[in-house]
Structure formats: structure tokens, C-alpha cells
Amino acid sequence: MFENKYKVFENIDLTADEGKFIGLVGPSGVGKSTLLRLIGGFLKPSSGTILLEGKPVLKPSPKLVLIHQSIVTFPWMTAIQNVMLSLTPKHLPRDEAREIAARSLETVGLQGFEDLYPKEMSGGMRQRVAIARALAANPTVMLMDEPFAHLDELTAEGIRQDIYNILFNVNFPLKSVIMVSHNLTEVLELADAIYVINGSPATVVARIEVNLPRPRNPKQPDFDRYLDTLYNYLTVRRRPQ
Amino acid sequence: MIYAIALILAAVSATAGRVLGLILISIVTGWFLSYYAIKSRIFESIYVISMEIFESVPVISFFPIVLLLFVSGIGGSLGVELAVDFLVFTAVVWNIWMGEYQAFKTVPKEMVEVGENYKLTLMEKLQKVYIPFSIPRIAANLFPSVSDGFFYIAVSEVFSVGNKSFQVFGVGSVLYGYISSGNVEMIEVSLIILGLVIVLIIALLREFAKYAVSRYALDTDTPVFRRGRFNIREAARRSGIIALNPLTRLANYNRIRRSRAYTDEYYEPEARKRKRRLIPPAIGIAMLLILAYLAYLIVSSVSLSTWYYLFSVTPDLLMDLLYDYIRVAIIVLVSMFFAIFVGYYFAVNRKAEAVGIPAIQAFSAYPAPIYFPFIFLGLSLSVSSIFGYLTDEAFVLFLGFISTFYYVFYSFWMGVKAMPQEYSELMKNLDLTFTQRMRRVILPATFPYLISGISSTINSAWGGLMIGEYWPDIIGNKTLSVGHGLMKVIDVATNSGNITLAAWASFLFGIVVVFYSFFFTKKMMDLARRKYVAEEGIFSA
């Protein structure tokens, strides 16, 4: 709830099960990014609780790591230094931190690019660095806020094809991913379950289990059916309270 | 009593009127000069280099010479008045001119093209495009300019050269009269009235700054924050800050510079265009010639024996300058320490910021030379019990600090505020400690701001040293004086009427400062622009 008593959400109940990639879709301005930041502990809910493995989330922590819509790297650090940043709180020996960071970069396909500065990389490579940095923190849940929005379609498609296998790689203890997106095709390509939020105040209008085989392809026969379902939920007019 | 209060009010108004009037003149002249600068490469080079040089040489160091020139050239109270006005003008003008030039230089290409498309005249372009675009930058630069203006006017309203004393009507001269007659009550009333007027001016400037940002700042300046949909108010507030920040736009400096090569090629007769193009370089060359002629006049008026004398004392003067650089380094380090801790605290704590920032702005605008003698009087005994024979040194460093810490503090605070929101979230997310945040993210991200603030702090520290290193009769019959220091040499030489030595010391000082500015500050700024522009770390299509 905002300071002016404007209620943003009502009756929101989301669950991200182990091993699941959760999509979160909704019309522009409905509060998707706000919801993601509430889950991450960046914002405090005026009522209700966020639980991670049964314990309340009270502040941001590396267990719930956020990947931003605008791709965040530090221009004064090389790719590997950017990744090592997430290992700083652990006070690991430098060599060990470097090794873990290199492994993360390798996982996202950036082996050999460790010493490049962000300015020397494409947008897609930078987002891979950001993902590697998040993975190196050993998160339990990864929160992704429209992570491909600033990439061109070909690059985004390339990362999308890799991302599921990267995220649920056995080398990382990641248990779940929650991704916000307004791109329905993208969400359908990746998610195991999709929450649709809509209305004002926003509420969950549907949870859709996506039972499409992987790797997914928009040309699959059922793909359009899912798209239509999502589209219908999103275009239903809900009267503001 | 009523008469005395009316006199004080009139004096404070005269002082404030001088400061604000001269700032206004700086703003108006800056618009035209900046426009000519962006239209002519030759004029631009001369203009920018001149600004950089004059900005880095503390005006107070050449005030005695300026005073004599005005007094002997014009004479009487008008000569003294113009000398004081000139001193304050040179204290406030560079900052404002530089801000306007940077704003004009970074007007978005699309806006320039619209102006050209509709064939706007010079005045129309200024009125509709350039001036509105420069308003937020001017609003931001008004705070340090007002502080500088009050600082220098406070010390220039009463001034001695040799056994001659000069003064103009203002709070400085009225206060001097009360101090001489020991009228404590009126001293207090003067300080309170001056304080109230400064608080009022700062409050008005803050309102103006808010208005300037809300009306004239462009959304397109803030591509990073516009995406942060979850907190619109926060994004709007930050966009205001970033719109005030010259460095953000300087990142695009070269691109815009190149794009401006596109000019109106149609309809205007070629001869007329050529004539117009000649005006700005002509002004630039004329400025250079005037400076060269003045230099020639000075050099030729000094006898050979005097030149021998001046060269013989030069090594000692350079050693004195070294002492001063050590003092400046200490002042800068303490100011940075203050800025990093207090500035960061304010940047992340809204309640503290709402109170702390206006308080610091008002405090920094309150001229230290006015109230410092009373601090000296009150704390002399306790400070001397701690510092012993270094008591005067401690007071001088303290004076330097209170008259200059503001610049690095404000720059750092602004740098933290302008840092991409995503960086703040990431630091929280990774659970970095305060030291880790500072070392890995905040100090690098604010490096360009820090360098700019440190540079201003260094430039202003000289003013504090100039006043403090030798201050006869600071209060009662007490004198504040350090053992060694070039500013002290200039002060003593001025007081004893040895203007030649004062001028030579000022000249040497000017050369060293300019070299320092070019070889250190400029290199650091280049590094900052090359590697530490935080906005470049945020990728968006």
C-alpha cells in the first residue's frame, strides 16, 4: 500500500515450488516489478508475509538474487571481477573466488571473456555476466525482472534457449526462478507455471500450469492455445475499487 | 537601537544585493558567451582555457593588485566599490559560466535541429532552446556561487593595503565598526540578521531549484531511472538530481559535439554567414590581446633590480607554497572523510537528508570570515591546551575546512544520489558491508563527482588559507599567524605595502596552481570519464 493509502495488491498468493520456473505476467503498470521486489525483500509489504523455505523474508539477501531489467554491470570491473563481487561477503581467498567466478562465467558461455570490460561486450554478453554473478552467489531463488527486455530478439532468443539448462544446472543449488515479463511468448518458452495478475488493486487472476515438452517452440501445436488463454486473462476488464 | 537595526538591515541588503546582482550579471553574460563558444572552435578554446585558469586561481590572492588598479585608475569610493564588485564577480562567475557552457554544449541534437528547422534567430534560439535548457544547471550552480560570493564579500568590504584602509558600505564594514568599538550586542544582532537573510536566500534558491528541475529538466536525461516503474516518485526525484549533474551529459559530449557540425546550409547568403562566423573568434583573439597587453604593462613597469630581488626570493616562496599544499592536503582529507560518512548517511536516509542538506547549504553560505573570530576567541584556550604551539595552525586548518568542505561533500552526496538505482539494489541483494560497498561500488561510481568536488575544495581552500595564515587583530589585539606559508607571505607583503612581492608571489602561485590543474585534475577527470561513469554500467537498448 502506498503512503496515500492506494492499495497496489489484494489477495496475492504465489508459490514457487522446487525445481520450477515461475512466470509472472500482467498488463503494464499492474505492479509486476513491485511484486518481485516485495518477494526479494527490497520493499516491505504493508500486510502479509513472504516466506523462503518457511522463514520470513525481511530484507534483501543473496538467497533471493535479483536480475534487473536494465543490465547491471560495473564499468570499472572486468567480467570476472563483476562476478567476484557477489562472493565478496564470503571473504573467500582470492584464488578460490576467482575459480568460482570463472566457473560461473563458463556456465553462461563466457569462457575466454573473463578479462573483458563491460564496455567491450555486447548487451547479451553483459546480461550473461549479470546472470553469472547471480549464480555465483549460490541463490535459492532467482528473481528476474524482464531480463531480456533490452536485448535484440536474436540475442534474447539465444539466451532463452540456454537459460533453463543454465539455471537448473546441477552445480548450483538454485531451487526456483521467478521471472516477470510482458512478453507472453518468452514466458511460455520458459515457465513451468505462470501467474497472471491483473486489476486494480492487482490480484492473481489465474495460475496456469504449462505442460509443453522442452525445448519449447512457438510453432508447437499447443503453444498458441496457451497464448490465447494468457491473452484472455490479460484482456479481461476488472473494475477498479 | 531601531536606527542601528535599520543600518544593519540596509548593510545586509547591500551585501546580499552585491552578491545576487553580480550573480545575475554572470548568468546573463554567460548565456551569450556560451552561445558564442559553441559556435566557434577558436573562441571556445580560448574561453574554456581562460575559465579553467581563472577558476583555479583564488581571486583573493590578486585582490590587492586589483584594488590598487581600480583605486588608482578610477579613484574614490567608486573605485573601491568596483574593486569589491570585481572581486566578488570573479569569485562567482567561473562556476556559472562553466555550468552554462556545459549545458549549452549538451543541448540534445534534436532540439538544436528543431531550432534550425524553423530558422529561429539568435535571440529566439537562446530564449526558446538554450536558456531554458541551462536553467537546471544554473540552479544547481547557484548554491556554491552564493557561498563563494558571501565568503569573498565578507573579506573585501574592509581591506587594508599598506597603511591605507578601504571600505564599502555593507555588513562587513558595519560589523568591523562594531568590533572596533566593542559593541557586543550589535555584533550579535548583525550576525543574527545576516544568518536570517542567508537562510531566506537558501530557502528561495531551493524552491527555485525544485521549480527549475520540475519545469526545465528533460526526461530523456534519465534513461536509467525511467524504467524503474515501481517507485515513480523516487525516479522523479533522482531524475532531478541527474539533470543537474554535468558529468552525466558530458558522457555524450563528443557525440553531440560532432553532431553539431550540421548547420543551416540553406537560404542564408554565404557572405553574411561568413561575417557572422568571424565574430566569436574575433572576440576571443581580442581577449587574448588584452591579457597580453596587461602582462606587458606589468613586466615593463618593474625595474631590473626588482626582478633580481624577486628571483632571489623565489626558492623560499616555493618552499612556503609546499607548506600550503600540505595544509590543503590535510583540509581535503578531512573534508573527504566528512563527505563520505555524512554524505552517504544523508543520501540513504531521507529524514536526515531533509534537515541536513538545507542546514549545510545555509551554513556554507554563511561567510566563515564573519563568525570565525568569535570561534577563535571562544576556543583559543581549550585548543591551545591540546595543540600547544600548533594552536594557530589548527585554527587555520579549521578555517580552511569550514570554508571549503561543502564542495566535496555536496559533490559526493550528489554522486551517491545519482548512482543507478540498480546498484543500490544489488548492494543490498549481495549483502555487502559498508566498507565493501564503499570500496567496490560507491567510491568508483562517485569518482567523477569526487574529483570534481575535490578540485573545487582545493581551489576554495586557498581562500581560507589566505585569510587565516596571517590575520592581524582578528579579534581585539590578537593575531592569528602561522610560521610558514605562501598565503602568509602575500598577506604580510600586502599589509606592509610591498605590493611587488605580493604580486610576484601571487603570480608564482597562479602558475603552480594552473600546472597542477592541468596535470593532475584534468588527468583525473579524464580517467573518471574513461572508466568511472556509472551510467555506462547500465545497458539498455
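**Where chain A meets chain B**

Okay, let's start with one pair of residues: A:R37 makes a salt bridge with B:E425, and their closest N and O atoms sit 2.7 Å apart. Keep in mind that this is a predicted model.

The largest share, 6 residues, comes from α19(B). And if you sort the residues on that side of chain B by type, you get 14 nonpolar, 4 polar and 11 charged.

Now the whole contact. Chain A puts in 36 residues and chain B puts in 29. Together the chains bury about 3200 Å², and 58% of that is on carbon and sulfur atoms.

Here's a bit I'd like you to find on the screen. Strand β5 of chain A, residues 71-72, is joined to β5(B) by 2 bridges, and the two strands run antiparallel. Look for A:I71, which stands opposite B:F539. As a quick reminder, strands of a sheet pair through backbone hydrogen bonds, either parallel or antiparallel.

Let's move over to chain A by itself. What order do the 6 strands of its open sheet come in? Reading across, it goes β4-β6-β7-β1-β8-β9, with mixed pairing. At the edges are β4 (64-67) and β9 (203-209), each of which pairs on one side only. Ignoring direction, neighbouring strands are turned by 20° against each other on average.

Zoom in on β1 (residues 20-25) and β8 (residues 193-198) of chain A: these two pair in the parallel sense over 4 bridges. One spot to look at there is A:G23, with A:I194 of β8(A) opposite.

Last stop: helix α5 of chain A, residues 153-167. This helix packs on the sheet and touches β1, β6 (141-145) and β7 (176-180) of chain A. The direction of α5(A) makes about 160° with that of β6(A).

That's my tour, thanks!

How values were computed:
Residues are numbered from 1 along each chain as its sequence is written. Chains are lettered from A and ligands numbered from 1 in the order in which they are written. This is a predicted model: local features need pLDDT of at least 70, side-chain atom pairs count only at pLDDT 80 or more; totals for chains, interfaces and linings use all residues. Side-chain values use heavy atoms; hydrogens and water are left out. Contact means heavy atoms within 4.5 Å. Buried area is the accessible area (1.4 Å probe) that two parts lose on being put together, summed over both. A salt bridge is a side-chain nitrogen of Lys or Arg within 4 Å of a carboxyl oxygen of Asp or Glu. Ala, Val, Leu, Ile, Met, Phe, Trp, Tyr, Cys and Pro count as nonpolar, Asp, Glu, Lys and Arg as charged, and the others, Gly among them, as polar. Two strands pair if DSSP finds at least two bridges between them. Axes are lines fitted to C-alpha atoms, for helices over the stretch in contact, and angles run from 0 to 180 degrees between N-to-C directions.
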